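Subject: Structure handover

Hello,

Here is the structure I promised, with notes on what turned up in it. Please open it alongside this email.

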2 protein chains.
Amino acid sequence: MEFVMLNKDEHTDARLGTIRTPHGEVSTPAFMPVGTQAAVKALTPEQVRGLGAEMILGNTYHLHLRPGHRAIADLGGLHRFMNWPGPILTDSGGFQIYSLGALRRIEEEGATFQSHIDGSRHFLGPESAVEIQESLGSDIMMCLDECIAYPAARHDAKIALDRTARWALRCKNSRGGDRQALFGIIQGGVYPDLRRQAVDQIAAIGFDGYAIGGLSVGEPKELLLENLAVTAPLLPEDRPRYLMGVGTPEDLVEGVYHGIDMFDCVMPTRCARNGLLFTNGEKVVIKNARYREDGSPLDSTCDCYTCQNYSRAYLRHLYVAGEILAMVLNTIHNLRYYLRLMERIREAIRRDRFGDFRDGFLRERGAGGDVSSRCADQ
Amino acid sequence: MEFVMLNKDEHTDARLGTIRTPHGEVSTPAFMPVGTQAAVKALTPEQVRGLGAEMILGNTYHLHLRPGHRAIADLGGLHRFMNWPGPILTDSGGFQIYSLGALRRIEEEGATFQSHIDGSRHFLGPESAVEIQESLGSDIMMCLDECIAYPAARHDAKIALDRTARWALRCKNSRGGDRQALFGIIQGGVYPDLRRQAVDQIAAIGFDGYAIGGLSVGEPKELLLENLAVTAPLLPEDRPRYLMGVGTPEDLVEGVYHGIDMFDCVMPTRCARNGLLFTNGEKVVIKNARYREDGSPLDSTCDCYTCQNYSRAYLRHLYVAGEILAMVLNTIHNLRYYLRLMERIREAIRRDRFGDFRDGFLRERGAGGDVSSRCADQ
């Protein structure tokens with residue numbers, strides 16, 4: 001993997017770059033649609049690519065449990081299995097063990113947990129997390145990390161970040177080669193000084209890229225932004241920086257402002273399936289009766305297939321009628337909204353105007369609605 | 001609407017033709033995918049068209065209840081509402097009142113029934129059935145008919161067919177113009193002599209096309225085939241003949257054999273969503289564990305997107321994992337199976353070889369499996 005920085009915004013920490021992987025290039029800052037179970041929910045790979053996505057994310061925890069990483073390896077690897085020829089990043093499973101694994105027990109050796117599917121017992125350690133990701137054949141692998149809940153005592157956050165650093169070293173030592181990149185993960189909860197310690201530890205080991213984990217786990221927005229602002233600038237400048245599992249469109253803009261290059265989040269796809277749609281103007285909860293006879297497109301400024309061909313009335317009808325096509329069309333729109341936002345961000349950085357872009361965007365979004373807080377609840 | 005017969009098979013009653021409508025031509029014999037609620041379930045119109053479909057079906061009963069035919073008319077009609085620029089046939093609602101409407105009461109004036117959605121009371125008569133379909137703007141409208149259950153006493157079948165004939169005349173008299181074609185429907189249960197009476201009554205009124213209704217409502221396959229064989233040849237030769245709601249691939253071949261030009265059925269799309277897939281060889285119930293590591297395509301003889309790009313193992317994984325994409329990929333395959341069958345049927349008629357085609361097809365299918373009986377149960 002190679003990371004080339006093309007421009008650094010004159011007035012902010014925003015960076016424009018390119019990540020070169022064995023399966024193609026990715027323009028950064030990039031948003032990666034989430035393909036948890038070897039599919040970006042509701043869409044074909046061609047549809048995802050057509051929306052402007054260059055890299056997608058696959059989930060180690062889910063694919064390990066079903067259909068199993070060895071089955072995927074036998075079938076030619078994850079790219080071939082899911083018919084996605086472009087770059088894939090796989091997470092390590094650490095976050096899902098924290099959020100989904102029942103009765104988990106974290107020890108120095110690794111994590112023992114019960115499957116959320118059938119309750120079967122599994123073990124995931126740093127070495128097996130790498131082994132699974134090598135079987136899947138992703139372009140970018142993530143180190144196994146220990147996620148902690150919010151709120152967590154400083155003492156517990158410290159224990160987790162130290163263990164995450166020891167696990168990171170074991171991950172690096174267990175790789176079978178360097179065709180697949182490996183990223184280290186910065187933990188440290190909402191304690192800025194612990195975040196600094198984590199950066200020192202992980203950067204000292206040395207990775208192909210660095211991710212900020214353990215944010216967007218329930219903490220107030222101010223703490224997310226504070227810890228992002230403290231951590232991002234400390235990360236090695238010549239490597240991609242990835243803010244994991246974040247977030248709203250505003251969060252993406254803030255992340256870029258602080259120098260983040262990569263994002264992933266289920267928000268656009270999950271909100272879409274719940275009928276909550278991102279637009280440049282008002283917030284659209286598509287089931288509302290006010291859209292029943294609304295012949296206008298969802299977002300008249302949007303160039304997506306959905307906005308070019310369908311009315312709000314039709315989208316409302318499909319959603320209320322429980323049609324699968326509602327999920328498809330809504331997902332197309334929300335993903336395009338995110339990916340188009342990234343295009344606008346990259347263009348702003350190219351022109352050294354990202355600060356202005358950010359000001360305008362936050363002002364505009366402040367005036368419009370924000371569907372994000374409702375999405376997670378549904 | 002215009003119907004041009006291009007060839008009549010030398011050895012059977014099979015016919016090759018073209019139906020010209022205000023929204024384009026349809027090659028017959030044709031299979032029409034069902035778009036009950038203004039969407040062919042799980043697919044975009046472009047996907048449906050790409051599979052070879054030329055005309056689709058919309059359901060008057062469903063669209064009348066939700067979102068309402070006046071709303072669709074105000075939004076520019078059904079074609080524009082659902083982004084399907086090609087021909088559309090709408091049924092009259094008679095079958096759904098029979099199969100879905102709770103507490104229905106059929107009187108000479110029309111049918112009073114409760115919505116399957118919210119229990120609200122509605123009235124549908126011959127005139128309002130036409131009015132609704134004119135609002136929708138379909139290319140082919142169907143007369144309101146009275147469907148009866150199987151088994152039904154001869155006396156009841158006779159009452160229903162006589163009423164269907166009186167309603168058919170009222171439908172014809174209430175049309176506002178002839179831009180939209182209107183088809184009459186032949187009822188008569190499983191009584192061949194009643195079927196003959198019905199043809200006489202309906203043909204005497206005179207319609208743009210003729211449909212056989214009231215079959216595939218639970219009667220044994222032998223009775224379906226017997227009544228089809230009796231009825232189809234009696235229908236006016238110079239008009240399209242439509243066998244409503246039928247059926248399995250074998251049924252389609254048998255229908256064509258007896259001179260049917262048009263078919264619709266939920267079987268390919270519904271089976272797809274239940275993971276039951278039509279192939280030229282074995283029957284495929286995709287959730288079966290035997291496909292877990294099967295890297296071969298669903299049907300190596302199929303040219304569809306699904307078979308060209310995915311393995312059985314992947315399709316099984318998506319289905320078991322509950323991914324929406326399973327519905328999409330399965331529907332693409334099953335619809336393509338049906339539409340490709342129609343292409344092969346048309347080619348056989350063109351070459352005056354339909355008899356041979358039928359023999360070979362029924363032999364092959366007899367040897368292979370038949371998913372159809374399982375589909376309806378799930």
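Start with strand 11 of chain A. A:A181, A:F183 and A:I185 point one way from this strand, A:L182, A:G184 and A:I186 point the other way, and all are buried. Buried means under 20% relative accessible area, exposed means over 50%, and partly exposed lies in between (1.4 Å probe, protein chains only). Strands (E, at least two residues) and helices (H or I, at least four) are DSSP runs, numbered from the N terminus. In a regular strand the side chains alternate between the two faces of the sheet.

Before going further, the ground rules. This is a predicted model: local features need pLDDT of at least 70, side-chain atom pairs count only at pLDDT 80 or more, and totals for chains, interfaces and linings use all residues. Residues are numbered from 1 along each chain as its sequence is written, chains are lettered from A and ligands numbered from 1 in the order in which they are written, and side-chain values use heavy atoms, leaving out hydrogens and water.

**Around strand 11 of chain A**

Strand 11 is mostly covered, with 6 of its 6 residues buried. Strand 10 (residues 140-142) of chain A runs parallel to strand 11, joined by 3 bridges. Two strands pair if DSSP finds at least two bridges between them. A:M142 stands opposite A:F183.

Strand 12 of chain A also pairs with strand 11 (residues 181-186) in the parallel sense, over 4 bridges. A:F183 has A:G209 as its bridge partner in strand 12. A:I185 has A:A211. In strand 12 (residues 209-212), A:G209 and A:A211 point one way, A:Y210 and A:I212 the other way, and all are buried.

**The three-stranded sheets**

Chain A has an open sheet of 3 strands in the order 1-2-3, with antiparallel pairing. Its edge strands are strand 1 (2-8) and strand 3 (24-28), and each pairs on one side only. The twist averages 15° from one strand to the next. Axes are lines fitted to C-alpha atoms, for helices over the stretch in contact, and angles run from 0 to 180 degrees between N-to-C directions. Strand 1 and strand 2 (residues 15-21) of chain A are joined by 6 bridges. A:E2 has A:R20 as its bridge partner in strand 2. Helix 14 (residues 324-350) of chain A lies across strand 1, strand 2 and strand 3, at about 120° to strand 2.

Chain B also has an open sheet of 3 strands, antiparallel, in the order 1-2-3. Strand 1 (2-8) and strand 3 (24-28) of chain B each have a single partner strand, so one side of each is left without a neighbour in the sheet. In chain B, strand 1 and strand 2 (residues 15-21) pair over 6 bridges. B:K8 has B:R15 as its bridge partner in strand 2. Helix 14 of chain B packs on this sheet and touches strand 1, strand 2 and strand 3.

**How the chains relate**

A rotation of 180° with 0.0 Å of shift along its axis superposes chain B on chain A (RMSD 0.0 Å). The two copies are thus related as by a two-fold rotation axis. The superposition is by least squares on the C-alpha atoms of residues with pLDDT of at least 70 in both copies. In chain B, the C-alpha nearest the axis belongs to B:I324, 3.7 Å away. Both copies use the same surface: 100% of the contact residues of chain B recur in chain A. Contact means heavy atoms within 4.5 Å.

**The core**

Which residues touch the most other members of the largest nonpolar core? They are A:Y314 and B:Y314, and this core has 204 residues. A nonpolar core is a set of buried Ala, Val, Leu, Ile, Met, Phe, Trp, Tyr and Cys residues joined through side-chain atoms within 4.5 Å. Helix 14 of chain A gives the most to this core, with 16 residues. Beyond neighbours within four places in sequence, A:Y314 contacts residues of both chains, including A:L325, A:L329, B:F81 and B:M82.

**B:H333**

B:H333 sits in helix 14 (residues 324-350) of chain B. B:H333 is buried, at 0% relative accessible area. B:C304 is 29 residues from B:H333 in sequence and 6.0 Å away in space, C-alpha to C-alpha. Among the other contacts of B:H333, beyond four places in sequence, are B:D299, B:C302 and B:C307.

Best wishes
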